[in-house]
Amino acid sequence: MIGLNRVSKTFTGQATPAIQNLSLEVAEGETLVLLGSSGCGKTTTLKMINRLIEPTSGTIMVDGRDILQHDVLTLRRSIGYVFQGIGLFPHMTIEENVCVVPRLIGWPRDRRRRRARELMEMIHLDPDRDGPRYPRHLSGGQQQRVGVARALAADPCYLLMDEPFGALDALTRSSLQEEIVELKKQLNKTIVFVTHDIFEALALADRIAVMHEGRLEQVGTKAEIINRPATPFVADLFGKPARQLDAFREQLS
Ligand SMILES: Nc1ncnc2c1ncn2[C@@H]1O[C@H](COP(=O)(O)OP(=O)(O)OP(=O)(O)O)[C@@H](O)[C@H]1O
Ligand SMILES: [Mg+2]
């Protein structure tokens, strides 16, 4: 379980808070999608959960305990993080990239190699062919999959994914979304997934949290958000695709 209770964050030197009074719960095994436009505070929220950023006020709980009471390294090990942008280490092979965390926590080489093979197969890469290659030899979609494999390597309970498919074309994106849906079924992780794409949110979420300018507009199931938008912002956001289609129809007629 992840819980945020009245969390705010004002960065040093900034007049307005990046996050204001944010309260959210992510249940065990649930995928919560943080949805909102650029600058609304999605990355800041994820980074506060694994203590890359300290909140200005409020509390964050993981596994029923305030994250300030967790040993920070143990906390980060229990949380896999897929960074915004691909963020693979360019001078490490794919196998080394996948095994960064297992190496940090001292897994022996044999165990790391076995785990790397298993994960590469899971993300549809060939361990023999692709394991020794470098990130620049892989396509963008393959690199993004490696980012996901790297986050899963030490089998964390939690997964924070920050626009992991951000830079991809629509087709690759939707095939990776399907893979994540499959992974979810197999792995039963608690996931916070960040996106600015409402269709990606609808494809992946158990619940969606809509953010706007550092505030939570609404959190709910897909049906709740679509059928009962709590604010004009949410209504407008989810009404947009239909309006765009109507506008095209009008142009064509
Ligand atoms: N280190 C920092 N110092 C000052 N301001 C920051 C810092 N990091 C983020 N901000 C500001 O906080 C706000 C939220 O940023 P954040 O990166 O969380 O947005 P985001 O929702 O992830 O956006 P995007 O979709 O573009 O990635 C922005 O206005 C940003 O400029
Ligand atoms: Mg971001």
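Into which domains is the protein divided?

**Figure 1. Domain division of the predicted model.** The structure shown in this and the following views is a predicted model. The protein is divided into domain 1, made up of residues 1-78 + 158-220, and domain 2, made up of residues 86-155. Taken over C-alpha atoms, the centres of domain 1 and domain 2 are separated by 23 Å. Contact between the two involves eight residues of domain 1 and 10 residues of domain 2. The side of domain 1 that touches domain 2 consists, by class, of six nonpolar residues, one polar residue and one charged residue.

**Figure 2. The largest nonpolar core.** This core contains 60 residues. Val33, Val98, Ala149, Leu160, Val192 and Ala209 are the members with the most contacts inside the core. Helix 7 (residues 140-152) supplies the largest share of the core, namely five residues. Both domain 1 (1-78 + 158-220) and domain 2 (86-155) are represented, each with at least three residues. In soluble globular proteins, nonpolar side chains tend to be buried together.

**Figure 3. Surroundings of Leu160.** Leu160 belongs to the core residues with the most contacts inside the core. When residues up to four places away in sequence are not counted, Leu160 touches Leu46, Ile49, Asn50, Ile79, Tyr81 and Val192. One of these neighbours, Val192, is likewise listed among the core residues with the most contacts.

**Figure 4. The shell around ligand 1.** There are 13 residues around ligand 1. Phe11, Ala18, Ser38, Thr43 and Thr44 come nearest to the ligand. By class, the shell divides into three nonpolar, nine polar and one charged residues.

Figure 5. The strands follow the order 2-1-4-5, and their pairing is antiparallel. Strand 2 (19-26) and strand 5 (65-66) stand at the edges; each has a single partner strand, so one side of each is left without a neighbour in the sheet. Strand 5 pairs with strand 4 in the antiparallel sense over two bridges. Within this part of the view, Met61 stands opposite Asp66 of strand 5.

**Figure 6. Two loop residues with positive phi.** Arg51 lies in the loop between helix 1 (42-49) and strand 4 (57-62). The phi angle of Arg51 is near 65 degrees, a positive value in a residue other than glycine. Arg51 is classed as partly exposed because 18 other C-beta atoms lie within 10 Å. Asp155 is found in the loop between helix 7 and strand 7 (158-162). For Asp155, phi is near 55 degrees, again a positive value in a residue other than glycine. Asp155 has 13 other C-beta atoms within 10 Å and is therefore partly exposed.

**Figure 7. Arg112 in helix 5.** Arg112 has its place in helix 5, which spans residues 109-122. Why is Arg112 classed as buried? The residue has 20 other C-beta atoms within 10 Å, and a residue counts as buried if 20 or more lie within that distance. Leaving aside residues up to four places away in sequence, Arg112 touches Cys99, Pro102, Arg103 and Trp107. Asp66, which stands opposite Met61 in the view of the sheet, is 46 residues apart from Arg112 along the chain. The C-alpha atoms of Arg112 and Asp66 are separated by 31 Å.

Definitions and conventions
Residues numbered from 1 in each chain as written. Chains lettered and ligands numbered in written order. Predicted model: local features only at pLDDT ≥ 70, side-chain atom pairs only at ≥ 80, totals over all residues. Core = buried A, V, L, I, M, F, W, Y, C linked by C-beta atoms within 7 Å. Buried ≥ 20, exposed ≤ 12 C-beta atoms within 10 Å, placed from the backbone. Helix = DSSP H or I, 4+ residues; strand = E, 2+ residues; numbered from the N terminus. Domains from an automatic or database assignment. Contact = placed C-beta atoms within 7 Å. Nonpolar A, V, L, I, M, F, W, Y, C, P; charged D, E, K, R; others polar. Near = placed C-beta within 6 Å. Pairing = 2+ DSSP bridges.
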